[in-house]
Amino acid sequence: MTTETSNTATTTATGMSAATGTATASVLRTPYQRSVAAYWNINRNDPVNLRLGEIDGLYHHHYGIGEVDPSVLVGPAETRDERIIAELHRLETAQANLLLDHLGDISPTDLLLDAGSGRGGTSLMAHQRFGCRVDGVTISEYQVGFANEQAAAHGVSDQVRFHFRNMLGTGFETGSRQGIWTNETTMYVDLFELFGEFSRLLPFGGRYVCITGCFNDITGGRSKAVSRIDEHYTCNIHRRSDYFRALAANRLAPINVFDLTDATIPYWELRAESSVATGIEEAFLNAYREGSFHYLLIVADRI
Ligand code: GPP
Ligand code: MG
């Protein structure tokens, strides 16, 4: 059980934190981290995420996988938009389910960590599946508030909690987490620092699951399309090999690696045609199709 004090209690229902300046400074340690937090605090009017989440209260900040049901592109024009939105949401939820499939055997007494928890969708799904407590951490105080409101709406506030904390130094107890995941969040941090923290939190045999986009060592440096994605999200996409170097350096041994690139392209094609397209779709499609970028699922055990 964790015994640390949490910044959660200082976040109000509207998502605005009453955290002290000291708490904020200890969570956001660098100008870069402050700029990332600012991006996610300001990003509140994003139909590409809000309209999908409104369907069932699972708000995601990750992309989708799987075949698109082509019927959503035809049929009655007056319901087409709604059907496309539902299909995008189905594919994003399928992505989160695939991630959770790889956490291994989790019992209701285990503790899980969602590192970079966004508006909370994957954490809520993990609790629904495993019945255990889940903590999510994010450096956006707005997201902490939003996600805690969702946990309350689902009636699981005592089981799923979101905290204004930095995933590079969570403050949770050493060895306390049977499973940890990052769902498209590693591009915001140094991988060696991050996996050092995960290695501390996981006991021997604990499981880490990562879904990420990374650039391809084989095609050379960062392509124009990858740079565009970085610019769009204020992130810093890592090269593929960096993941495996940083895992190995931190006692995390990969047991499975899946290339999900082909599985995510239909999502991006549908999203590009949708009313909620943001303009970044072309960069993802170009990067994936030219081979400069991959969408990976990495599963590793703490040894
Ligand atoms: C955000 O998802 C995901 C990221 C910022 C990480 C970048 C991911 C890569 C694989 C490079 P989102 O759901 O907030 O994005 P959007 O608003 O575009 O749907
Ligand atoms: Mg999204």
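Helix H6 (residues 141-153) lies across strand S2 (133-138) and S3, and relative to S3 the helix runs at about 170 degrees. Keep in mind that this is a predicted model.

Reader: So what order do the seven strands of that open sheet come in?
Author: Strands of a sheet pair through backbone hydrogen bonds, either parallel or antiparallel. Here the pairing is mixed. Reading across the open sheet, the order is S3-S2-S1-S4-S5-S7-S6.

Reader: Which are the edge strands?
Author: Look for strands that pair on one side only. From one strand to the next the twist averages 20 degrees. The edge strands are S3 (160-164) and S6 (252-259).

Reader: How many bridges join S6 and S7, and in what sense do they pair?
Author: S7 covers residues 293-302. Across this pair, Asp259 stands opposite Leu296 in S7. The sense is antiparallel, and the count is seven bridges.

Reader: Over to the ligand: which residues come nearest to ligand 1?
Author: There are 15 residues around ligand 1. By class, that shell has nine nonpolar, four polar and two charged residues. The ones that come nearest are Trp40, Asn49, His61, Tyr233 and Arg271.

Reader: How far is an oxygen atom of ligand 1 from an N or O atom in the side chain of His61?
Author: A polar contact here needs a pair of N or O atoms within 3.5 Å. For the Asn49 side chain, an oxygen of ligand 1 is 2.9 Å from an N or O atom, and for the Arg271 side chain the distance is 2.7 Å. For His61, the distance is 2.6 Å.

Reader: How much of ligand 1 does the protein bury?
Author: Start with ligand 1 taken alone, when it exposes 500 Å². The share of that area buried by the protein is 97%.

Reader: And which elements give two or more residues to the shell around ligand 1?
Author: Both of them are helices, one covering 47-53 and the other 224-233. In that order, they are H3 and H8.

Technical notes. Residues are numbered from 1 along each chain as its sequence is written. Chains are lettered from A and ligands numbered from 1 in the order in which they are written. This is a predicted model: local features need pLDDT of at least 70, side-chain atom pairs count only at pLDDT 80 or more; totals for chains, interfaces and linings use all residues. Side-chain values use heavy atoms; hydrogens and water are left out. Two strands pair if DSSP finds at least two bridges between them. Helices (H or I, at least four residues) and strands (E, at least two) are DSSP runs, numbered from the N terminus. Axes are lines fitted to C-alpha atoms, for helices over the stretch in contact, and angles run from 0 to 180 degrees between N-to-C directions. Contact means heavy atoms within 4.5 Å. A residue is near a molecule or strand if one of its heavy atoms lies within 4 Å of it. A polar contact is a pair of N or O atoms within 3.5 Å; within protein, one must be able to donate a hydrogen and the other to accept it, and residues adjacent in sequence count only if both atoms are side-chain atoms. Accessible areas come from the Shrake-Rupley method with a 1.4 Å probe; for residues, only the protein chains shown count as cover. Ala, Val, Leu, Ile, Met, Phe, Trp, Tyr, Cys and Pro count as nonpolar, Asp, Glu, Lys and Arg as charged, and the others, Gly among them, as polar.
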